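Here is a short report for a reader new to this structure. Look over the sequence and the model before reading on.

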Amino acid sequence: QVQLVESGGGLVQPGGSLRLSCTASGSILQVNTMAWHRQAPGKQRALVAAITSGGDTNYVGSVQGRFTISRDNAKNTVYLQMNSLTPEDTAAYYCNALIIGRDFRGYDTWGQGTQVTVSS
């Protein structure tokens, strides 16, 4: 069994910052690409940013220059630093990772989601 647990969401004013964290746990052999997705009310879930185990990153255009994804491989943890937040960033944020279990099977794993609300 493997799982992802997120933390760090909340209410923030426009222009503010938040840092999300997501930690993988369980019977893990290796954690490959980790990513953050978000889903706003009435919209489909969409990729925000991703990072490979080697540290290569990619971002959706709307967050480029404002959000930074990073990871600590020793802790099986991925972070999303979000700066200059706008109301358009309001959404439920989900962590996703491809985890190789000690049974040598691949698990496309999702966290439970954490709410980010940007409002004055």
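## Buried and exposed

A residue is buried when its relative accessible area is under 20%, and exposed when that area is over 50%. Anything in between is partly exposed. The model is predicted. Cys22 has a relative accessibility of 0%, so Cys22 counts as buried.

## The disulfide

How many disulfides does the count come to? The count comes to one disulfide. Cys22 and Cys95 form it, with their sulfur atoms 2.1 Å apart. The two cysteines link distant parts of the chain. Cys22 lies in strand β3, residues 18-26. Cys95 lies in strand β9. They are 73 residues apart.

A disulfide is a covalent bond between the sulfur atoms of two cysteines. Is the bond here left-handed or right-handed? The torsion about the S-S bond of Cys22 and Cys95 is about -85 degrees, so this disulfide is left-handed. What of the second cysteine? Cys95 has a relative accessible area of 0%, under the 20% cut-off, so Cys95 is buried.

## A buried aspartate

Where is Asp89? Asp89 sits in the loop between β8 and β9. Is Asp89 buried or exposed? Its relative accessibility is 1%, so Asp89 counts as buried.

The side chain of Asp89 makes a polar contact with the side chain of Arg66, at 2.8 Å. Leaving aside neighbours within four places in sequence, Asp89 is in contact with Arg38, Arg66, Phe67, Ser84, Val116 and Val118.

## Two positive phi angles

Most residues other than glycine have a negative phi. Ser84 has a positive value, near 50 degrees, and is not a glycine. Ser84 is placed in the loop between β8 (77-82) and β9 (91-101). Asp89 is placed in the loop between β8 and β9 as well, and Ser84 is one of the contacts of Asp89. The relative accessible area of Ser84 is 41%, between the two cut-offs, so Ser84 is partly exposed.

Phe104 is not a glycine either, yet its phi is positive, about 70 degrees. Phe104 is found in the loop between β9 and β10 (106-110). Is Phe104 buried or exposed? Its relative accessible area is 68%, over the 50% cut-off, so Phe104 is exposed.

Terms used: Residues are numbered from 1 along each chain as its sequence is written. This is a predicted model: local features need pLDDT of at least 70, side-chain atom pairs count only at pLDDT 80 or more; totals for chains, interfaces and linings use all residues. Side-chain values use heavy atoms; hydrogens and water are left out. Helices (H or I, at least four residues) and strands (E, at least two) are DSSP runs, numbered from the N terminus. Buried means under 20% relative accessible area, exposed over 50%, partly exposed in between (1.4 Å probe, protein chains only). A disulfide is a pair of cysteine sulfur atoms within 2.5 Å. A polar contact is a pair of N or O atoms within 3.5 Å; within protein, one must be able to donate a hydrogen and the other to accept it, and residues adjacent in sequence count only if both atoms are side-chain atoms. Contact means heavy atoms within 4.5 Å.
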